[in-house]
Every structure is written in structure tokens, then in C-alpha cells.
Amino acid sequence: MSEWTAIRVSAPGSIMVMGEHAVLFGHRAIACAVNRFMHLHLVRRNDREIHVRSALGTVSGTLDTLPRDENLSFVLATIGLFAERLPCGFELDIQSEFSHTVGLGSSAAVTAALVAALLACCNESTEPDYVFDHALAIIHRVQGRGSGTDLAASVYGGLIGYTVSPRSVDRLPGLPPISLYYAGYKTRTPDVLALVAQQAASGLESLHSGLYELMHRSTVAAEVAVRQQDWPQLGKLMNIYQGLMDALGVNDPTLAQMIYRLRANPAVLGAKISGSGLGDCVLALGEDSTLAAEFERIEVAVSGQGLRLERD
């Protein structure tokens, strides 16, 4: 850390386009970085103290005795991973252009950004693959599982096709205008996954496996449509995927109402849940001004920028 006094990192939020749930079982997913960013500013100290300030809370401690705060679990887990090899403490300010209450991958974005900053502090590589590996390990440590799809979008930027293992991150051409609408509530992803697993364990394992296979085939076909810029076909495949999400049990009356109102508009080519479901956001290919009068529209567009780091 002797060559600089501060580090600035930004990482974009992200949304799932296709592949929810199935990606956890080795199937294909499509996600994109969006033009809403997480910004971190880290300033070195001359001791081992750490001070973290964010909209989710403020904590202080040392690298030897980290504080605890459930709201900052990803941040503190990241610091803990690096604590022994960091040469000194730091002041950390976190600012976000989007709320953690909506499904824009805030946990993945802040984890990716902080991993990159701390790797730089330790004079280690900040190449995307190296950052991704460290950040995914932290996500698994905090929440037990996770495909890393939103993390990949935040690290690499743009619209991507993604497979967990063997890892494949492939850049895709951009999308036409998209719109995102927030249902007004969300269910934590680990809770949704637990519910789906519970349903599958009641003698429906083979049916769920079949749903995941259909999800995979729909996503692969959607990737072809994106490469061919065939937006009506992509919209149809989004609608098909939504039906599979419904069959999986992660739709609810509010989301269904939002989706069918969007589909009634000829300007909307397709609409589906974006994320694990049971609340959060609906993604539309196109837009509908009437829905925005009742549900919050989150202004987003695909961002080609991924993780960015600067040293002062």
C-alpha cells in the first residue's frame, strides 16, 4: 500500500434475464449488468482499525477483532477473508445508486467491488477471473449457495450467457429497451430456494428436474435469439420461461397481475419474473406506462461497464 493512499472501485448492479433456479443445477443463464452502480472509496490508515460507512449502517473495529452486523454481512465477510494479509486498516465509504430492497444484485456488486479493492491493497491481481473466484467464495460462505450469475454480470459487465461448471461467461450483443417493475416486496432468495427444495422433496424430484431441463432449453434458444437480434422470438421465450417459473411455484398473484397487464400491451414483447420470485421485480421487453402508475418502475438499461478500479 506504500504507493497510494486510496482506492476507488465501482461495480454495476445486475438483473437476470433467463435461467433463474435452473442455473443452480448446471443449466444456462442469461444476465446483464445495468447502469446503476455500487461505489466504494477506501482510504488507508496507519493502524489496524477499520471504519465502514454505508446506507445500511456504520461499524468500526479492527482487522484483529471485526465487528458484527447482519446488514453488512457480505462486507464484513470480505474483510475477514483478507484480514490476515492486509498491511493496515482503512476507512471504507460505500455509496449505491440503487436500493438493496430491489433485485439488482446489490450483494454481488458490493462483494465484487470490495474484493477488487482489498486485492489491490494486498498488491495481488485484480483480473476479473481472480476477483470472481474470491467473491463467489464469500457469497457461498455468507448465504450457503449461489450460482454467481449476478456476480459474473457485475464483474464482466454487459449482457452475458453464463454456466456455473465448467464456468462459461460469454459476451452477448445488447438488448432492445427493457423495463423493470418492482412489486413492492420481496422474499429472500435463500428462503425461496428452500421452499422450492421442500416442494421437490415431496416426491416431485423428477418433475422438477424436467422443469430445469426445459428452462435450460428455453435459455439456450433465447441466447440464439439474442445473437440474431430476433426480439419477438426472445419475448416469446421469456413468456415460456415465466410459465416454467409458475410451475416451479415461485409466482404469486401480484406478479401474475403485473405480467399479464404488461403482456396486454402490444409494445411489450415478453414479460417474466426477474430473480428467484415470490416478489421483487418483473422484467419486460418493452415498456408500459400504465403499470408504472401503480408499481415502481426502476429505470435501467444494459451497461457495458463491469468492475472498474482506480488508485489515488
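Modeller: Let us start with Asp252. Asp252 lies in the loop between helix 7 (231-248) and helix 8 (253-263). Keep in mind that this is a predicted model.

Colleague: What makes you say that Asp252 has no salt bridge?
Modeller: A salt bridge needs the nitrogen and oxygen within 4 Å. For Asp252, the nearest side chain of opposite charge is Arg261, 12 Å away.

Colleague: What does the side chain of Asp252 reach?
Modeller: The backbone nitrogen of Thr254, at 3.2 Å. The cut-off for a polar contact is 3.5 Å, so 3.2 Å passes.

Colleague: Which residues does Asp252 touch, leaving out those up to four places away in sequence?
Modeller: Tyr185, Leu278 and Gly279.

Colleague: Next, cysteines. How many disulfides does a search of the whole structure find?
Modeller: The search finds 0.

Colleague: Why are Cys121 and Cys281 called buried?
Modeller: Buried means under 20% relative accessible area. Cys121 has 1%. Cys281 has 0%. Both therefore count as buried.

Colleague: Which residues of helix 3 are buried?
Modeller: Val131, Phe132, His134, Ala135, Leu136, Ile138 and Ile139. These buried residues pack against helix 1 (73-82), helix 2 (106-121), helix 4 (149-156) and strand 6 (159-163).

Colleague: What comes just after helix 3?
Modeller: Gly144, with a positive phi of about 90°.

Colleague: Back to charges. How many salt bridges does the count come to?
Modeller: The count is 16.

Colleague: What makes Glu223 and Arg28 a salt bridge?
Modeller: Their closest N and O atoms are 2.9 Å apart, and the cut-off is 4 Å. The pair links distant parts of the chain, 195 residues apart. Glu223 is in helix 6 (residues 205-227), and Arg28 is in the loop between strand 1 (6-18) and strand 2 (29-44).

Colleague: Why do Glu223 and Arg28 count as buried?
Modeller: Glu223 has 9% relative accessibility. Arg28 has 8%. The limit is under 20%, so both qualify.

Colleague: What makes Asp133 and Arg167 a salt bridge?
Modeller: Their closest N and O atoms are 2.4 Å apart, which is within 4 Å. This pair also links distant parts of the chain: Asp133 sits in helix 3, Arg167 in the loop between strand 6 and strand 7 (168-172).

Colleague: Why is Asp133 called partly exposed?
Modeller: Its relative accessible area is 39%. Buried is under 20% and exposed is over 50%, so 39% falls in between. Arg167, at 37%, is partly exposed too.

Colleague: Which residues do salt bridges with shared partners join into one network?
Modeller: Arg45, Asp47, Glu49, Arg53, Glu91 and Asp93.

Methods: Residues numbered from 1 in each chain as written. Predicted model: local features only at pLDDT ≥ 70, side-chain atom pairs only at ≥ 80, totals over all residues. Heavy atoms only, no water. Helix = DSSP H or I, 4+ residues; strand = E, 2+ residues; numbered from the N terminus. Buried < 20%, exposed > 50% of the residue type's maximum accessible area, 1.4 Å probe, protein only. Lys, Arg positive; Asp, Glu negative; His and termini not counted. Polar contact = N/O pair within 3.5 Å; in protein donor to acceptor, adjacent residues only side chain to side chain. Contact = heavy atoms within 4.5 Å. Disulfide = S-S within 2.5 Å.
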